Amino acid sequence: MAASNDREALESSPDKFFYRGRAKEFVELHDQVQTSVGLLDSLETFLSTFQKDLSSVSGQIAELQDRSKDIENRLKSRRRIEKPLSELLSDLSIPPPLASIILDSDVGEPWIIAIGDFERRLDVLNARSRVKAARDLADVAEGLRIVAATKLRAFFLALLHPVRTSVTTNMQVIQTSIFMKYRSLYTFLQRQAANVAQEIQKSYVVVARTYYETAFRRYIRSLSAIKARTTEKLEPIVSGEQHGSSLDEGRLAYAKMEGSSVILAYMADDKAHKEPVEAVLRSLLLVLMDNATAEYTFVTTFFPIEPLQPLPAKETFSSMFPPSAMLSPDQGGFDERRSNVGSEIGAQTARLFGGTAGPLSAAIRSNGMEKSEKTALDAIWKQIMDPVLEYCKTFLGTILEPLVPPIPLLVMIRLTEEIIAEVQKRECPPLESFLFTLRIQMWPAFQKGMTEHCDALKKLAEGTTASYFTRAAPTTDLSVSNICSRYIVIFNSFVMLTQHEEETMIFSNLLRLRQELTKLIIRHTDTISDEITKATKQSTIYEVLLQGLSKGTQLTSHPHSQKEFGYWAEKEEEARRRIISVNQAKRSNRR
């Protein structure tokens with residue numbers, strides 16, 4: 001037993017020595033383990049603290065995010081009100097450059113935009129009268145308005161001075177290049193200083209009336225001197241005079257607006273210068289048409305009252321120093337939707353200057369114009385042109401008395417009708433009415449002249465020219481030939497001056513004249529006893545008429561020319577048949 005115990009001790013002794021040999025390592029390992037446990041405890045404590053700090057930071061971040069959203073919303077709100085606020089501040093202020101132009105400079109091109117901007121500000125101040133700032137600025141704005149009205153009054157009255165002092169001044173040039181250029185300044189007076197605008201309008205009417213009255217009085221005096229050198233009065237178709245026996249197409253050309261230029265006043269100084277009465281009236285009516293329609297265009301363009309067109313704030317003087325640039329921290333550069341200021345100033349300037357030289361066409365104006373306003377503008381035109389119209393009416397009276405031949409009179413009627421058509425295109429109703437009056441005044445004179453022709457021819461054809469002391473005037477081949485020649489000239493002239501077949505007054509008179517001419521030819525040949533000689537004479541006269549009608553006009557396609565040619569051709573054929581029948585009868589009697 002003891003031996004076994006010894007043996008077991010010997011067997012376990014190596015392990016004992018093994019552990020004892022490594023005891024130091026085990027101790028060190030134990031210390032390391034303890035140190036690691038302590039470190040882990042410290043790390044656990046640190047992580048726990050870090051977790052708490054992280055939770056705190058997360059809360060702060062969330063708070064910062066909320067504050068950031070709040071700041072962003074406030075920024076958006078301020079951006080929304082920044083533009084209206086800047087416009088309000090701009091409207092409730094008068095920029096020093098604008099005030100300086102009105103107070104310190106003479107009226108000129110810079111005033112065109114300046115006055116438009118100033119008037120817009122006046123309207124805004126009136127619309128915001130409940131705002132204290134607007135009430136505070138109202139006195140300053142009123143002072144500037146009075147200064148502007150005073151300067152504009154003097155400016156427009158000064159423009160009339162050259163017209164007032166010299167009739168040689170070109171009225172149309174002043175109207176189109178100066179008055180229309182500054183029309184926006186006059187419309188400012190119409191809306192903001194109506195009394196001043198009325199004064200300027202009345203001054204213009206007086207000056208323009210005197211200008212046209214003087215110019216036309218002198219011109220008509222020159223035309224009267226030229227007309228007096230050519231005395232032409234109505235001579236009956238049976239007159240022994242040879243005047244009017246040939247067709248003068250040059251005088252018929254005066255029925256058209258196109259052609260020779262008008263008679264100038266200085267031509268009257270040449271004592272040898274003569275013009276037919278048609279040319280004289282043509283010159284007067286063309287000059288009247290050009291001046292009267294130009295004046296009507298100006299009156300209906302310059303004087304209508306127009307509402308103020310709102311101008312964007314960017315196009316005002318304050319756009320050079322926009323309040324938004326001072327209110328925002330980045331000088332107004334944050335809003336990408338904001339338009340380019342410089343790109344719109346040029347467009348506004350073009351709009352203010354554009355269209356002033358042209359006729360602001362009368363058609364466009366009349367369509368959008370109130371009837372009462374159009375009546376008032378027509379009244380202005382009549383005040384200006386009344387003396388001129390009276391001079392023209394009186395001058396026409398001197399032309400019609402003593403009575404002129406029907407051909408020149410019909411030329412003047414056709415000319416008047418063509419000018420009326422042109423005036424209708426230019427849309428000048430008052431002048432159109434006046435020309436209708438002249439035309440109506442000419443037709444009775446034309447009818448009277450044709451009646452005298454017909455009556456004189458009738459008396460000669462019927463042989464009723466005899467009295468107690470005189471015998472009926474005998475007809476000769478020469479006198480009948482002259483009458484036929486004059487008839488041909490009258491007929492061809494009327495056809496050349498007539499485009500429409502439905503001219504009752506003209507062709508009814510020609511029909512009467514033809515009937516009396518037929519009777520005259522029969523009476524003239526009735527004095528011949530021999531039937532063959534009589535028929536031959538009639539055939540010869542009819543042949544002369546046919547030749548004259550076929551050569552005297554190029555309007556052979558005109559229905560009345562064809563009818564007239566057919567009528568005399570039938571008469572000539574009847575005369576030839578009578579010659580043949582009489583010859584045959586004589587031959588049969590001889591047998």
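Me: What share of the 591 residues of the chain counts as buried, and what does the term require?
Reply: In this predicted model, 39% of the 591 residues count as buried; the term requires under 20% relative accessible area, with exposed over 50% and partly exposed in between (1.4 Å probe, protein chains only). Local features need pLDDT of at least 70, side-chain atom pairs count only at pLDDT 80 or more, and totals for chains, interfaces and linings use all residues. Residues are numbered from 1 along each chain as its sequence is written, and side-chain values use heavy atoms, without hydrogens and water.

Me: Why is Leu47 called partly exposed?
Reply: Leu47 has a relative accessible area of 45%, a value between the limits of 20% and 50%, and is therefore partly exposed. Leu47 belongs to helix 2 (residues 23-91), helices being DSSP runs of H or I with at least four residues, numbered from the N terminus.

Me: Why is helix 8 called oblique to helix 9?
Reply: The axes of helix 8 (residues 183-192) and helix 9 (residues 194-228) come within 5 Å and cross at roughly 130°. Because angles under 35 degrees count as roughly parallel, over 145 as roughly antiparallel, 65 to 115 as roughly perpendicular and the rest as oblique, helix 8 is oblique to helix 9. Axes are lines fitted to C-alpha atoms over the stretch in contact, with angles from 0 to 180 degrees between N-to-C directions.

Me: Which residues of helix 8 and helix 9 meet?
Reply: Tyr186, Leu189, Gln190 and Gln192 in helix 8 meet Ala194, Val196, Ala197, Ile200 and Gln201 in helix 9, a contact being heavy atoms within 4.5 Å.

Key
Helix = DSSP H or I, 4+ residues; strand = E, 2+ residues; numbered from the N terminus.
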